[in-house]
Amino acid sequence: MSHICRLPCPRFQKIPTNLLEEWRQLLPWLLHLRSRYFPPKRRFWRKVATNLITAKFELKPPPYTLNALEPHMSRQTLEYHWGKHHRTYVENLNKQIAGTELEGLPLEDIIIVSYNNGDILPAFNNAAQAWNHDFFWESMKPGGGGKPSGDLLDLIERDFGSFEQFIQEFKSAAAAQFGSGWAWLAYKANRLDVENAVNPWPSEKDKKLVVVKSPNAVNPLVWDYFPLLTIDVWEHAYYLDFQNRRPDYISMFMEKLISWEAVSARLEKAKALAAEREMEEERRKKEEEEKQTDDEAVEMYLDSDTDDSEAE
């Protein structure tokens, strides 16, 4: 006949009964804290490459007919620039990301991931150029140019001194970009200047408009800025109409083609996204403070129980 050993387990002989009961009551709370603050890590799997291309970024047409910008930008330029160059970027991007972990990501995410903090991965150039060109077409309209109004004009005058000074800075950046690249007007809302690095949060002074230029396919998304306006200064953007006269092309773009309505809409969206980001940062900061408070409470509880058990 078998006998069941009823002797207490040596591991628990020295633990008071009341402490074990309190631990049983505390366990669900500790498990809740672990699941809340230390969730399981998400696993990323690389898809097996196949000959079937399933990525589906499509070549979007400009928001106007190909001859709508004449006489300032010819139909022939649009046919080559959009119909051939832009199309090639989209098609090559689809081939590059098919069967990889980038497939299925939004285009903006592919740009950030493949930029890789400056150590550029193969998909970056086609992804960024596909995005840049969509943004460029939507920056123009038939009968564009002129002067903005409302909040956009107020910020331009505040940050550049005058609208005329902004025009000069933008033209200079576009003309000075050596070789292929872009010039941008962007809303800088969450990156601090070096001299302001002691400030842990962006101030109203940080939320400003800036003019920047970028080489090749690089755009302000990789600096965490909000792009508002761009001009393409790759030669294929203007050579059929202006040959090597880049300054004339830039002046024409500023005076005859810019859609200030599109730029204003982008500014409002950028400000809203920046506000959401600040709220998310505040929420994250509050959660970290709550977690620290919970951890301190657990530590104090365990310390007090240890003292009680030693006293017994």
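How many bridges join strand 1 to strand 3, and do they run parallel or antiparallel? I opened my notebook with that one, and the entries below follow from it. A reminder to myself before I go on: this is a predicted model.

**Entry 1: the sheet**

I found 6 bridges between strand 1 (residues 181–188) and strand 3, and the two run antiparallel. I then looked at the whole sheet, which is open, has 3 strands in the order 2-1-3 and pairs antiparallel. Strand 2 (208–215) and strand 3 (226–232) are the edge strands, each pairing on one side only. On average, neighbouring strands here are turned by 20° against each other, direction ignored.

Trp182 stands opposite Asp232 in strand 3, and Ala186 stands opposite Pro227 in strand 3.

Is strand 3 mostly covered or mostly open? I counted 7 of its 7 residues as buried, so I wrote down "mostly covered", taking buried as under 20% relative accessible area. I kept in mind that strand 3 is an edge strand. Helix 4 lies across strand 1 and strand 3, and runs at about 85° to strand 3.

**Entry 2: helix 3 against helix 4**

Helix 4 also has a helix partner to look at. For helix 3 (residues 107–115) and helix 4 (residues 124–137), the axes come within 9 Å and cross at roughly 145°. The crossing is left-handed.

Which residues meet there? From helix 3 I listed Leu107, Glu108, Ile110, Ile111, Ser114 and Tyr115, and from helix 4 Phe124, Ala127, Ala128, Ala130 and Trp131. By class, the contact residues of this pair divide into 9 nonpolar, 1 polar and 1 charged.

**Entry 3: Ala217, a loop residue**

I next picked Ala217, in the loop between strand 2 and strand 3. Is Ala217 buried or exposed? Its relative accessibility is 1%, so Ala217 counts as buried. Leaving out neighbours within four places in sequence, I found Ala217 in contact with Phe124, Asn125, Ala128, Gln129, Asn132 and Trp182. Two of these names were already in my notes: Phe124 and Ala128 belong to the helix 4 side of the contact with helix 3. Trp182 was there too, as the residue opposite Asp232. I also checked His133, which is 84 residues from Ala217 in sequence and 9.9 Å away in space, C-alpha to C-alpha.

**Entry 4: Asp224, in that loop as well**

Asp224 also lies in the loop between strand 2 and strand 3. Its phi is near 70°, a positive value in a residue other than glycine. With a relative accessible area of 27%, Asp224 is partly exposed.

**Entry 5: helix 5**

Where do the buried residues of helix 5 (residues 150–160) sit? I listed Leu152, Leu153, Leu155, Ile156 and Phe160 as buried. They cover an arc of only 165° around the axis, which puts them on the same side of helix 5. I recalled the general rule: an α-helix has 3.6 residues a turn, so residues three or four places apart point the same way. Just after helix 5, Gly161 takes a positive phi of about 95°.

Between helix 1 (17–37) and helix 2 (75–97) I stopped at Pro71. The peptide bond from Glu70 to Pro71 is cis, with omega near 10°.

Gln243 is in the loop between helix 7 (239–242) and helix 8. It is not a glycine, yet its phi is positive, about 50°. At 33% relative accessibility, Gln243 is partly exposed.

Ser259 sits in the loop between helix 8 (246–257) and helix 9 (260–311). Its relative accessible area is 7%, so Ser259 is buried. Beyond neighbours within four places in sequence, I found Ser259 in contact with Glu138, Ser139, Met140 and Lys141.

**Entry 6: the whole chain**

Last, I stepped back. The protein has 9 helices and 3 strands, in the pattern α-α-α-α-α-α-β-β-β-α-α-α along the sequence. Of the 312 residues, 38% are buried. Of the contacts with a separation of 6 or more, 77% join residues 24 or more positions apart.

Methods: Residues numbered from 1 in each chain as written. Predicted model: local features only at pLDDT ≥ 70, side-chain atom pairs only at ≥ 80, totals over all residues. Heavy atoms only, no water. Buried < 20%, exposed > 50% of the residue type's maximum accessible area, 1.4 Å probe, protein only. Helix = DSSP H or I, 4+ residues; strand = E, 2+ residues; numbered from the N terminus. Arc of directions from axis to C-beta. Axes fitted to C-alpha atoms, helices over the stretch in contact; angles between N-to-C directions. Left-handed = near helix turned anticlockwise from the far one by under 90°. Contact = heavy atoms within 4.5 Å. Nonpolar A, V, L, I, M, F, W, Y, C, P; charged D, E, K, R; others polar. Pairing = 2+ DSSP bridges.
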